[in-house]
Amino acid sequence: MAASFRRVAILGTGLIGGSFALALRKYAPDTVVIGWDKGHVLRHALERGAIHEGFAELPLAVAGADLIYVALPVGQTIEVLPEIARLALPDALVTDASSTKRSVCAVAAECFREGGARFLGGHPMAGKEISGIAAADANLFHGSKYALIRMPGEEDAGKPHHPPLAENVAEFVALLEKLGAEPIWLDAEAHDRAAAVVSHLPQLLAVALAGVVRGQTDETGLPVTLAGRGLRDALRLAGSPYSVWRDIILTNSDNLDRVLDQMIQSLEQLRAELRTRALEEQFAAAGELYKILRDLQ
């Protein structure tokens with residue numbers, strides 16, 4: 001990486017923010033990493049060596065930062081963006097890690113103006129079913145896609161032969177690659193449609209499956225006591241708390257409505273074909289998709 005960020009403020013030092021901090025400490029050791037969070041979270045982040053300093057006051061956390069990484073829930077990100085835009089250095093890059101992009105990028109477009117700090121929407125397609133700084137991992141982003149969002153007027157960003165990216169955006173792309181992530185450029189609408197299918201729907205299906213299993217479990221513990229690794233693997237996402245997903249669902253409910261309709265139709269088709277050999281075609285098609293996903297890893 002030809003250039004690097006000298007001082008990075010990470011707002012929210014939980015799983016994603018804490019992992020980004022640990023990754024910086026590992027792969028960009030000359031960078032000063034500052035955290036902003038609740039006091040007990042900052043103490044844990046300091047104990048883990050994720051940050052050099054922690055502040056409970058936002059102005060102190062972002063002071064002098066040339067990269068501000070916002071790893072907060074979607075609603076809190078939207079609330080704090082105007083203040084970040086006001087406090088950030090004019091040549092700073094502000095980027096977020098929210099799982100939905102339309103609402104965040106719409107607010108950012110109002111807050112970040114020419115001549116001030118630059119905003120870059122982002123979403124690391126990485127995570128765990130458990131949250132918090134205790135679960136943070138310096139290699140969380142390694143081998144994962146990392147969505148970067150084209151803002152209005154930046155339709156060619158990230159495309160071959162596009163006009164050069166702004167210097168700090170190019171530096172951030174290079175940093176992500178240094179962390180082992182694969183940057184993917186798309187617009188906010190396309191991101192939210194795709195994330196509804198590959199991220200948000202699987203979470204809701206895990207919750208629904210858990211509800212069915214619980215509802216079928218009797219006083220003897222069956223069928224749970226008979227379950228093997230397959231059910232545990234299928235329900236891994238069910239361990240993720242609602243507090244993480246509330247704002248994601250609220251800000252992408254239209255896309256989730258659409259894919260849930262398709263899911264219901266798919267389940268109805270499965271039920272209609274339970275006693276026919278047509279299920280063989282569905283199993284085959286599912287297996288082919290699994291092979292594609294497996295080979296992408």
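Residues are numbered from 1 along each chain as its sequence is written, and side-chain values use heavy atoms, with hydrogens and water left out. Because the model is predicted, local features need pLDDT of at least 70 and side-chain atom pairs count only at pLDDT 80 or more, while totals for chains, interfaces and linings use all residues.

Let's start with the rings. The structure holds 6 aromatic pairs. Rings of Phe, Tyr and Trp (its six-membered ring) pair if their centres lie within 6.5 Å; planes under 30 degrees apart count as stacked, over 60 as edge-to-face and the rest as tilted. Phenylalanine 20 and tyrosine 69 make a stacked pair, with 3.9 Å from centre to centre and 5 degrees between the planes. This pair links distant parts of the chain, 49 residues apart: phenylalanine 20 sits in helix α1 (residues 15-27) and tyrosine 69 in strand β4 (residues 67-70). Here helices (H or I, at least four residues) and strands (E, at least two) are DSSP runs, numbered from the N terminus.

Are these two residues buried or exposed? Phenylalanine 20 counts as buried because its relative accessibility is 0%, and tyrosine 69 is buried with a relative accessible area of 0% too. Buried means under 20% relative accessible area, exposed over 50%, and partly exposed in between (1.4 Å probe, protein chains only).

Now look at tyrosine 146 and phenylalanine 172. Their ring centres are 6.2 Å apart and their planes stand at 75 degrees, so this pair is edge-to-face. Tyrosine 146 lies in strand β7 (residues 145-150) and phenylalanine 172 in helix α6 (residues 167-178), so the pair ties together parts that are 26 residues apart in sequence. Both of these residues are buried. Together, Phe20, Tyr69, Phe141, Tyr146 and Phe172 form one aromatic cluster.

Several of these names come back in the next part. In soluble globular proteins, nonpolar side chains tend to be buried together. A nonpolar core is a set of buried Ala, Val, Leu, Ile, Met, Phe, Trp, Tyr and Cys residues joined through side-chain atoms within 4.5 Å. The largest one here has 40 residues, and Phe20, Tyr69, Phe141 and Phe172 have the most contacts inside it. Two or more residues each come from β1 (7-11), α1, α2 (39-47), β4, β7 and α6. Helix α1 gives the largest share, 7 residues. Apart from this core lies another, of 33 residues, among them Ala9, Ile84, Met151 and Leu186.

Next, turn to the helices. Axes are lines fitted to C-alpha atoms, for helices over the stretch in contact, and angles run from 0 to 180 degrees between N-to-C directions. The axes of α7 (residues 188-216) and α10 (residues 253-272) come within 9 Å and cross at roughly 60 degrees. The two helices are therefore oblique to each other; angles under 35 degrees count as roughly parallel, over 145 as roughly antiparallel, 65 to 115 as roughly perpendicular and the rest as oblique. Contact means heavy atoms within 4.5 Å, and the residues making it include His200 and Leu204 of α7 and Val259 and Met263 of α10.

Finally, where is the cis bond? The peptide bond from leucine 222 to proline 223 is cis, with omega near 10 degrees, and proline 223 is found in the loop between α7 and α8 (229-234).
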